[in-house]
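Please examine the sequence and the structure shown here before reading the report.

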Amino acid sequence: MPIRVLPPEVAAKIAAGEVVERPASVVKELVENSIDAGAKEIKIEVRQGGKRLVRVIDDGMGIPADEVELAFARYSTSKLATVDDLSHISTLGFRGEALASIAAVAQVTLVTRTADEPMGTLIRLEGSKVIRRAKTGSPRGTVVTVENLFYNVPARLKFLRSTVTEGKHISRLVTRYAMAYPELRFSLLSEGRIAFRSTGSGDLYDVLIEVYGLEVAKQMLRVASAEGSGTAGQAKISVHGYVSIPSLHRANRDHLTFFVNRRWVQDRMLAYAVEEAYHTLLPKGRHPVVVLNIEVDPTLVDVNVHPTKREVRFLQSEAVFAAVQKAVRHTLIEGAPIPTISPFRVLPVERLERREKLRGRRLSRVEMALEVQRPAEERPIPRMEGKLPPLRVLGQIAQTYIIAEGPDGMYLIDQHAAHERILYERLLAAQRQKGPISQTLLEPLTVELPFQREITEEDLNALAELGFKVEPFGGQTYLVRAVPAMLKRGDISAALGEVLGSLGTNREEWREKALISIACHSAVRAGQALTEEEMKELVRQLEKTEIPRTCPHGRPTLLRLTKAQLEREFGRR
Ligand code: ADP
Ligand code: MG
């Protein structure tokens, strides 16, 4: 085929594909336009997951009658005029492509009126062509209705998913904007039913309750921090939002939500910064629930990386990374509560029956749910100032748990997990200073290492840095001459096996894992009787750790049963 210039309709449809991938992309572009137009209330309506219809209604500034056609022209925008403006974008839109793209691949009707016009304007386009224009009565603001997306692009239509799937994409998107703009009132009407609504109170916490429910919201900690002076080349970076306490976690990263200057972004670096902050606090393979807005000087972010603006580039990405990591870490260490034992969870039936008797009728499902939640609600989790309260050791249970009294009740301490935390922090400190204190064994130990690959000179050096002096002794057998001092009485071959087993991954990560293994195999075991002195010493040292409430694997080191819970259980209150 000879080269030829594509007819404009074909070119327009191809270009539209970059912006409009699915119904949720239409919702995104329209909602962003409403936000940019200064709307206070944004109503979204969808049918068949947006495939049949998407409608966005706002009370924003509207479009003047004589600019309505222009709004649909490609690269026409009221939000920027020169290339220089690109460096300090403060609106969500600026590429002037959205309405043109949507109009190329759907049937679009727009009704709009500005404050100083007596009548509104209606315009309807099909496949980029204006087919109707009229004056009409309309409240101030804009209503855009998009019908039959991709009706004229069969290749794209084929790729749309089920109503349920497309609907899910839309509701996730709407909840994200609601979280980024808590001062705006959002509602999503899906297949004729209210699927989501935010109050516009201005408080992100209220939106969190709407999105995740009260139970989850109660387990979120507020993050608020500002870093940097904004002068002398140092960016001013502020981080605000909420992060889940370590005992609340999810199986995937879907609940990490980030906004940069209130624009939702997908950014691996930000996700990584958060995971770093939770390091050793969460069980393996679990992820937190996080909603964070990062404010940076707009001149230091490039939002024009992708047509959908989902990705951004930071000019000072290390500084952003550090600010996020630090803000989250700080919040977790300061505010994470000690998990409470909640006996009511175990016996809700009796409680519910008591309630029902009291009311003389059966409880509805909602009432039941509330009833089960009650104890937690009545008693807000007290914030512990990072450290543990003073604890008085009373004894040991099952040769595994230390029982202690604190100012507000009873504490159970997992002796192994607690000791692991103590030893791990000690190892970290030693590493930071001059390396570990290695202890030579009086008699070298021979170990058989069930290891798949050959152990190199380099591996042996890495081991030496941890305090292991190991020499090959032929075949799979090795001679251990020295070990990290704390491991002397621990399970040397188990620790060494684990340390070598995790070799091969990234060195930094490996060292971290190796330290955890050493701590784990040096710590007192479950099932080991401890004297009162030993228990007191353990608790005293736990109090001194930086993160006393979890072991380095992320399990809790202690549980609490409050005095109020005890009173309730014994029927004293
Ligand atoms: P962009 O948002 O990148 O400027 P769009 O194609 O989305 O490009 O919109 C084109 C223009 O139409 C906007 O710059 C704005 O002036 C106007 N516009 C679009 N939607 C609205 C709305 N809901 N209220 C007021 N003006 C709007
Ligand atoms: Mg736009």
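## Basis of the report

This is a predicted model, in which local features need pLDDT of at least 70 and side-chain atom pairs count only at pLDDT 80 or more, while totals for chains, interfaces and linings use all residues. Residues are numbered from 1 along each chain as its sequence is written, chains are lettered from A and ligands numbered from 1 in the order in which they are written, and side-chain values use heavy atoms, with hydrogens and water left out.

## Helix α1

Helices (H or I, at least four residues) and strands (E, at least two) are DSSP runs, numbered from the N terminus. Helix α1 covers residues 8-19, and its 12 residues should span 16 Å at 1.5 Å a residue; the expected span is 1.5 Å times one less than the number of residues. The end C-alpha atoms of α1 are 17 Å apart, which agrees.

Which residues of α1 are buried? They include Ala12, Ala16 and Val19; buried means under 20% relative accessible area, exposed over 50%, and partly exposed in between, with a 1.4 Å probe and protein chains only. Seen down the axis of α1, the buried residues fall within an arc of 50 degrees, so they line one face of the helix. The arc is that of the directions from the helix axis to the C-beta atoms. An α-helix has 3.6 residues a turn, so residues three or four places apart point the same way. The buried residues of α1 pack against α2 and α4.

Strand β4 (residues 120-126) is mostly covered, since 6 of its 7 residues are buried. Two strands pair if DSSP finds at least two bridges between them. Strands β3 and β4 run antiparallel and are joined by 6 bridges; they form a hairpin with 6 residues between them. Strand β5 (residues 129-136) pairs with β4 in the antiparallel sense over 7 bridges. The hairpin of β4 and β5 has 2 residues between the strands, and Gly127 in the turn has a positive phi of about 50 degrees. Glu126 has Gln107 as a bridge partner and, in β5, Lys129.

Thr109 is found in strand β3 (residues 107-113) and is buried, with a relative accessible area of 15%. Its contacts (heavy atoms within 4.5 Å) include Leu122, Ile123 and Val143, residues up to four places away in sequence not being counted. A polar contact of 2.7 Å joins the side chains of Thr109 and Arg124; such a contact is a pair of N or O atoms within 3.5 Å, where within protein one must be able to donate a hydrogen and the other to accept it, and residues adjacent in sequence count only if both atoms are side-chain atoms.

## Salt bridges

The structure holds 24 salt bridges, each a side-chain nitrogen of Lys or Arg within 4 Å of a carboxyl oxygen of Asp or Glu. Asp36 and Lys79 form one of them, at 2.9 Å from N to O. Asp36 lies in helix α2 (residues 23-36) and Lys79 in the loop between α3 (68-71) and α4 (98-104), so the pair ties together parts that are 43 residues apart in sequence. Asp36 is buried at 18%, whereas Lys79 is partly exposed at 26%.

Arg124 forms a salt bridge with Glu126, the closest N and O atoms being 3.3 Å apart. Arg124 is buried, with a relative accessible area of 18%, and Glu126 is partly exposed at 27%. Both belong to a network of salt bridges that also links Arg52 and Glu147.
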